[in-house]
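Me: Hi! Could you walk me through this one before I set anything up?
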Amino acid sequence: MTRRLLRGLTTICLLLAALLPAAAHADPGGGPALLGVRPLGGNQFEASVYSAAMDRVVPVWISHPGHSAPALYLLNAIDGGEAGGPWTQRTDAAAFFADKPVTVIQPIGGRASLYTDWAADDPVLGRNKWSSFLLDELPAVLSDRFALNGANAIAGTSMSAGSALALAAAAPGRFAAVGSYSGCPRTDDPVSRAMVRAQLRLFGANPDNMWSPGDPAWAANDAVLNAERLRGVALYISAGNGAPGIHDTLGDPSIGGDVPRLTDRLAIGGTMETVVHDCTRSLTDRLAALGIPATTVFRNGTHAWPYWQDDLHDSWPVFAAALGV
């Protein structure tokens, strides 16, 4: 009876352990590690990746074609895909890439982090070492399990658009292509610094924990200042101008006849995209002055996901050519 009871308790404990999510600090020892892979159906998976740099487990959505392929790192907007939802909830990214010969890798997390390495831990946002995670840890951990062939592209939207450019500039030769959708690639001028700091404060963070006022990281992450480091990279850069565009109508599925939603998008999203347009134009003008080619898309439109879904579709041929698929 006692042995039978012990066996029963052991079985229950094992079942409960299997059902519980990975612990926030499940340090396996010895650096970053792939803790598990959960099939989501079709070619989709969720990987649990331990980041030694951040001492946390990061969920990663992956679309895998079933064979060795290039990687496209897809970064989320300012909430990191946590609150408002990631690309796979806001767009048709999962369906779009289902038949594409590329492994799409989307980390979930990093809200208000700029996907960069912070100088200090933040009481609200914790430890942010996203550059280290994205450039060093994540590719190494996923390479064998998902047969990555070494060719890479990266794309981001809103907050992460500038991050994608900054990561490519920080690691010359790593990325064959970069997509920047409705983001501000500047960080080092007074206006951009004020914008960044204001965004972080909205999430309760102390901006000085990212970069203090005298930190050279402000300049190191500015894609306009570092535009020369993007030479040879296939670039797709887009922005709206804040004026109503094709998705800013009552009949658009993203509005669904909701007048307050449309009003909010035109007022807030329109204002945001006006700022984004000017910021993006400074990068495209700098690239043109340096003779660095880029696919640029400037359009009527606000700061909204339907435009970024369009960008994802429209930039794929640029990525595919650069990745050789």
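Reply: Happy to! A note on charges to begin with: Lys and Arg count as positive and Asp and Glu as negative, while His and the chain ends are not counted. The place of a charge is NZ of Lys, CZ of Arg, CG of Asp or CD of Glu. On that basis the chain has 23 positive and 29 negative side chains, with the centres of the two sets 7 Å apart.

Me: Good. What sort of model is this, and how are residues numbered?
Reply: This is a predicted model, where local features need pLDDT of at least 70, side-chain atom pairs count only at pLDDT 80 or more, and totals for chains, interfaces and linings use all residues. Residues are numbered from 1 along each chain as its sequence is written, and side-chain values use heavy atoms, leaving out hydrogens and water.

Me: How many helices and strands does the chain have?
Reply: Nine helices and nine strands, taken as DSSP runs (H or I, at least four residues, for helices; E, at least two, for strands) and numbered from the N terminus.

Me: Switching topic: is helix 5 mostly covered or uncovered?
Reply: Mostly covered, as 11 of its 12 residues are buried. Buried means under 20% relative accessible area, exposed over 50% and partly exposed in between, using a 1.4 Å probe and protein chains only. Among the buried ones are Met 159, Leu 165 and Leu 167.

Me: And what do those buried residues pack against?
Reply: Helix 4 (130-142), strand 6 (148-157), strand 7 (177-181), strand 8 (234-240) and helix 8 (259-290). Contact here means heavy atoms within 4.5 Å.

Me: Where is Val 104?
Reply: In strand 5 (residues 103-107). Val 104 is buried, with a relative accessible area of 0%. Leaving aside neighbours within four places in sequence, its contacts include Trp 61, Leu 72 and Phe 97.

Me: Last one: which residues does Pro 65 touch?
Reply: Lys 100, Pro 101, Val 102 and Thr 103, not counting residues up to four places away in sequence. Pro 65 lies in the loop between strand 3 (56-63) and strand 4 (69-74), and is partly exposed at 25% relative accessible area.
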